[in-house]
Each structure stands twice: as structure tokens, then as C-alpha cells.
Amino acid sequence: MQTVLFHSVIFGPIRSRRLGSSLGVNLSPTDGKICSFDCLYCEAGFNAQGPGTSGLPSREEVRNQLDGKLRRMKSDGHPLDVITFSGNGEPTLHPDFEGIIDDTLALRDRYFPGVKVSVLSNSTRLGDPGVVRALNRVDNNILKLDSAIDATMRLIDRPGSPEFTVERAIDGIAQFRGKAIVQTMLLRGEIDGIPVNNTTDDEIDALIEACRRIAPESVMLYSIDRQTPCRTLHKVERDELEKIAGRFRSAGLDVKVN
């Protein structure tokens, strides 16, 4: 079943619970999904729906569409807090990702110099020097770490590469030397009869230890907000998220609950 969220390259602005008034940039197909993870909770659906037929937008197409949108917003006096790369898959998979970030920063400076540029990434491409250079230049480098235990990460995130490990993700995020925000989706439930839960004491202890090693700018904890392709997952309520956040804070980490 086709469940991709975004049928355009530039979308919004929408109200993000984490980032404010957000203009989205989708570097994935507009009629399919391409991602190096196949997360149980992904609002854009499972990868099995296929990549569609539109292909990836070109660097020129992204630049031209973003230029036009920002120009109109500036002219109309529309407010904007952030330009966010997310969309129907993993944005850093785009072969021109670094160049697109350069174009976006230049357009931001031209039209909305006070606005942040954010990238939501799943941390699978942090071995690519161009991706790392680009992420070092954005304002909010938001990197996924849903579990610091390999078996749980594989159950929740379902990475396409068997070579991807939690250790690789932690080392990749740590290379930013604090210029990174760790984002963790907390949930529980089951998949094909197998329990899945990254809120246990062992899971939280492992995440805290990983974040100590990473020393991020901050940690974002959140839970399910919309329908997920795996229907047997359950949201972690706000009061429990706050209790978990308290454990991170006691370890000296800055935490935001969304």
C-alpha cells in the first residue's frame, strides 16, 4: 500500500512539534520511498511500497523550487522558523546532498537569514565525507539513535545493510564533537509476535551511556504521534517520557521531550 507522506519536493510550511514553522524539503521520490532503514514506526510506510517512478529530484530542481517558495513567502510576509530536510526517505542518500545543502544555505541567507536549516537523518551515511561536511554546516544536525543495543535497533529500525551496527552509529555521531542532536523514538509493542520495547531499564541505561560518549548538543525524546505501518506498536505517554528524560538529565545530558 502506498503511504508516502509528501507528493512534492518542497512542502509546507507545516507546524512541527519539535521545530516550529517548518518548510520541508523532500529529496526522495514524490511517489515512492527510498530509505536505508525500514522503521516499524515510519509515517511514510514500509519500503515494500517501492521507489515509485518519479526518481530523485535533481539538485537544480530542488534549488529552483526552494528559491521560488522562499521568494513568495518573503514577499507575502509569511513567518518561518526552519527549513527541514526529511520527506519520504533518508535525505543523505541523495548523490548531490552536499551541494543541495550549500544551495539551501545560500537561499536561506538571501531570503530568511534568521531561519535554521535542519536535517533529520538516520545516521547510516556518516561514513561519507561529503555527508559529514554538509551536516557540519547545517544549524540542526538531528541524528537518529533509537536504541544502543544492536538487537533492538535491528528490530525497530530494520537497517538495509547487515554491516550497520549501533557502534558504527555512535562513532559516526560522536565525530561531530557536540554539533549534533540525538533523536530517539521510544515505543513498545510487538512485530510478528516478537516483543519490542526500548523503554526498559537496560535500554535506557545503554542509551544514556551512548549519549555520554557522543556528548551531543541535546537529546530529543519522543513517541508515536500518527498511524504507523506496524499497527501493533504503542505510544509512550508524556509523563513516562518525562521520567525517562529525568534519568538523562541526572547523567548531565540536555534533553527535550516532544
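**Close-up views of a predicted model**

View 1. α4 (150-157) and α5 (166-174) each give at least two residues to the lining of the largest cavity. Keep in mind that this is a predicted model. How many cavities of 30 Å³ or more does the structure hold? The count is 1. The space inside the largest cavity comes to about 40 Å³.

**View 2. Here are the residues around the largest cavity.** The lining includes Met153 and Asp157, along with Phe164, Val166 and Ala169. Phe37 and Asn122 also line the largest cavity, and so do Lys144, Leu145, Asp146 and Ser147. If you sort this lining by class, you will find 6 nonpolar, 2 polar and 3 charged residues. As a general idea to take along, rolling a probe the size of a water molecule over the atoms shows where empty space is left.

**View 3. Three strands form an open sheet.** Follow the strands across the sheet and you will read the order β8-β7-β10, with antiparallel pairing. Which strands are the edge strands? They are β8 (194-197) and β10 (233-235), each of which pairs on one side only. On average, neighbouring strands of this sheet are turned by 15° against each other, direction ignored.

View 4. β7 (residues 187-191) pairs with β10 over 3 bridges in the antiparallel sense.

**View 5. Ile142 sits in strand β5.** This strand covers residues 140-144. Is Ile142 buried or exposed? Ile142 counts as buried, because its relative accessibility is 1% and the cut-off for buried is under 20%. Now look for Gln65: in sequence, Ile142 and Gln65 are 77 residues apart, and in space their C-alpha atoms are 24 Å apart.

**View 6. Helices α5 and α6 pack together.** At what angle do α5 and α6 (residues 201-214) pack? The angle is about 35°, and the axes lie 8 Å apart. From α5, the contact is made by Glu167, Ile170, Asp171, Ile173 and Ala174, while α6 brings Ala210, Arg213 and Ile214. By class, this contact has 5 nonpolar, no polar and 3 charged residues.

Notes. Residues numbered from 1 in each chain as written. Predicted model: local features only at pLDDT ≥ 70, side-chain atom pairs only at ≥ 80, totals over all residues. Heavy atoms only, no water. 1 Å grid on protein atoms, 1.4 Å probe; cavity = no way out; pocket = protein on both sides within 12 Å on 5 of 7 lines; lining within 4 Å. Points joined across faces, edges and corners; volume = space filled by probe spheres on them. Helix = DSSP H or I, 4+ residues; strand = E, 2+ residues; numbered from the N terminus. Nonpolar A, V, L, I, M, F, W, Y, C, P; charged D, E, K, R; others polar. Pairing = 2+ DSSP bridges. Axes fitted to C-alpha atoms, helices over the stretch in contact; angles between N-to-C directions. Buried < 20%, exposed > 50% of the residue type's maximum accessible area, 1.4 Å probe, protein only. Contact = heavy atoms within 4.5 Å.
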